[in-house]
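Dear colleague,

Please find below the structure that I am handing over to you. My notes on its core, strands and salt bridges follow.

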Amino acid sequence: MAYKILLTEQVSDLAVQLASDFEVLTFSLPALGRDRPLQDAKSLSAYFERYNPSLVINTLSGATDLIGIELLGELCQQHNTPLLHVSSVDVFDPGLEGAAALENDSPTASHSRGLALIAAEHTVAQVPRHIILRLPYLTSATHGSWLDQLCRALLHADQLCVSESHRLDPISLQEASRVIVALSQQILCGAENWGILHLHSADTCSEAELADHLVRFFKKSQLATALLDPIKGPSNWLPPRGVLGGQRVTDQFGVQLRSWRNGLRSQVELCLEQQRQGELF
């Protein structure tokens, strides 16, 4: 019998990718409903009673779903169900240049999104069998994503200011899903490594370095690009954000961290294809 996994939503890019990756394996994903809110306590309780999921993966940020996350935590405790909660580097205020946040560092965010994420993490931490997986920026070809916006700026602007100080540790959407699937498989096989994990690229880059990498790719494809104007200050278009550090995801689950370049080309190619399609219609 296939393991049953509850995805708390199937709308976000990450949830859609997870659903696709799980379905090609021997897992069952009984539908909770794409648009049904977690606050629907009756439906969520009925789901647990009917399907008795082996694992719950929560990809809701907590910004507007804290009540639902509290209910989810209570049900996981009642049924002794492991809960894998996806969180974000946004629980930390940007640190000093060169400093990465580690798993045992206390969250420091003072903005509304960060405070909501911290509250959600605190709720999840009450579940005995839980993992809080914090993610950095995800590279995704989705229209309007930060990578899509950067590609558009590089291809349509004459000149673009890029920061040499703003550090990034991005991973691809597919890499995040791959790791979550791997963690899930190990949990369902009896792994008891609960707590906080940080997933991040093996190496960091500056915004200017990332932009230069993309420009080189575009030029190889014979595309005209903006002239880069490196600046020492903060980014002009990305919000201040820290980077993640730590090795628990490797030490406890054997996940090998990959370079920020991994998977980037395929996402950029998708961005270009989508932009071309948009110009045709």
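Are Arg241 and Asp90 buried or exposed? Both residues are buried, where buried means under 20% relative accessible area, exposed over 50%, and partly exposed in between (1.4 Å probe, protein chains only).

Please note that this is a predicted model, in which local features need pLDDT of at least 70 and side-chain atom pairs count only at pLDDT 80 or more, while totals for chains, interfaces and linings use all residues. Residues are numbered from 1 along each chain as its sequence is written, and side-chain values use heavy atoms, with hydrogens and water left out.

Salt bridges

The side chains of Arg241 and Asp90 form a salt bridge at 2.8 Å, N to O; the term requires a side-chain nitrogen of Lys or Arg within 4 Å of a carboxyl oxygen of Asp or Glu. Arg241 sits in the loop between strand S12 (227–231) and H8, and Asp90 in the loop between S4 and helix H4 (112–124), 151 residues apart. Helices (H or I, at least four residues) and strands (E, at least two) are DSSP runs, numbered from the N terminus. The count of salt bridges comes to 11.

Another salt bridge joins Asp148 and Arg152 (2.9 Å, N to O). Because these two are four residues apart in helix H5 (residues 146–156), about one helical turn separates them. Asp148 counts as buried at 1% relative accessibility, whereas Arg152, at 28%, counts as partly exposed.

Nonpolar core

The largest nonpolar core contains 31 residues, and those with the most contacts inside it are Ile5, Ile57, Leu84, Leu133 and Leu183. Such a core is a set of buried Ala, Val, Leu, Ile, Met, Phe, Trp, Tyr and Cys residues joined through side-chain atoms within 4.5 Å. Among the elements giving two or more residues to this core are strand S1 (3–7), strand S3 (55–58), strand S4 (83–88) and helix H6 (173–188). H6 gives the most, with eight residues. A second, separate core of 26 residues includes Leu160, Val162, Leu210 and Leu272.

Strands

S1 and S3 pair in the parallel sense over three bridges; pairing requires that DSSP finds at least two bridges between two strands. In this pairing, Ile5 stands opposite Leu55 in S3. S3 and S4 also pair in the parallel sense, over three bridges, with Val56 opposite Leu83 in S4. From S3, Leu55 and Ile57 point one way and Val56 and Asn58 the other, and all are buried.

Yours sincerely
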